[in-house]
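Visitor: I have a model open and would like to learn how to read its features. Could you walk me through them?

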Amino acid sequence: MAETINVSGTNKQEKYASLLPQLKSLAEETDQYAALGNIISALKYGMNFFWVGLYIVKNNELVLGPFQGTVACTRIGFGKGVCGYAWKNKKPVIVEDVNTFEGHIACSSESKSEIVLPVLGKTGDISMILDIDSDRLADFDAIDELWLTEVIYIIENIVNT
């Protein structure tokens, strides 16, 4: 298992390509929470994101799970905010400017843009939401969605085995 994360590259695609094998290595940890915690940390610091975390579906709401960044909202209702929207619609969401997203939940005024991806559980239902925030406008695009979908597969393998 990696003790440090070393991300190289001159663009985000190269950086993701450098990071992904290291995330797979972190996923070899047998304790689910330890593996998820390290993956979240590696994403935040490896890609220099403002905030990265998982929200776990519990009793028809999203409850804060492993995260790295500023203090966060602890509970999000179904369909509420960007995370709840992604959960309800069962698809990734990219928000270029969180201030233009109707119903955005402002956990931090420093967050400017966001990408959110659902994590499927064993039964095919959404079990978690991966939430990543940036302190820059329009910081996420199709490249992020493509590579973060690969990260979702890693997370699903951890939580569904």
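Guide: Happy to. Let's begin with packing: a nonpolar core is a set of buried Ala, Val, Leu, Ile, Met, Phe, Trp, Tyr and Cys residues joined through side-chain atoms within 4.5 Å. Buried means under 20% relative accessible area, exposed means over 50%, and partly exposed is in between, using a 1.4 Å probe and protein chains only. A word on the source: this is a predicted model, where local features need pLDDT of at least 70 and side-chain atom pairs count only at pLDDT 80 or more, while totals for chains, interfaces and linings use all residues. Residues are numbered from 1 along each chain as its sequence is written, and side-chain values use heavy atoms, with hydrogens and water left out.

Visitor: How many residues does the largest nonpolar core have, and which have the most contacts inside it?

Guide: That core has 32 residues, and Leu-23, Ile-39, Leu-43 and Leu-130 have the most contacts inside it. Two or more residues come from each of helix H1 (12-26), helix H2 (32-47), strand S1 (51-58), strand S5 (113-120), strand S6 (126-134) and helix H4 (142-159). H4 gives the most, with eight residues. These labels are DSSP runs numbered from the N terminus: helices are H or I with at least four residues, strands are E with at least two.

Visitor: What does Leu-130 touch?

Guide: Contact means heavy atoms within 4.5 Å. Not counting residues up to four places away in sequence, Leu-130 touches Ile-40, Leu-43, Val-52, Gly-53, Leu-54, Ile-115, Val-116, Leu-117, Val-119 and Ile-152. Apart from this core lies another, of 18 residues, with Ala-72, Trp-87, Val-98 and Phe-101 among them.

Visitor: On to charges. How many salt bridges does the structure hold?

Guide: A salt bridge is a side-chain nitrogen of Lys or Arg within 4 Å of a carboxyl oxygen of Asp or Glu. The structure holds five. One of them joins the side chains of Asp-141 and Lys-12 at 3.4 Å, N to O. That pair links distant parts of the chain, with Asp-141 in the loop between S6 and H4 and Lys-12 in helix H1, 129 residues apart. Another joins Asp-144 and Lys-12 at 2.5 Å, N to O; here Asp-144 is in helix H4, 132 residues from Lys-12 in helix H1.

Visitor: How should I read an aromatic pair?

Guide: A pair of aromatic rings is described by the distance of the centres and the angle of the planes. Rings of Phe, Tyr and Trp (its six-membered ring) pair if their centres lie within 6.5 Å; planes under 30 degrees apart count as stacked, over 60 as edge-to-face and the rest as tilted. A search of the whole structure finds six such pairs. Tyr-16 and Trp-147 are stacked, 6.1 Å centre to centre with 5° between the planes. Tyr-16 lies in helix H1 and Trp-147 in helix H4, so this pair ties together parts that are 131 residues apart in sequence. Both residues are buried.

Visitor: Why is the pair of Tyr-85 and Phe-101 edge-to-face?

Guide: Because their planes are at 85°, with the ring centres 5.6 Å apart. Elsewhere, ring pairs link Trp-51, Tyr-55 and Phe-67 into a cluster.
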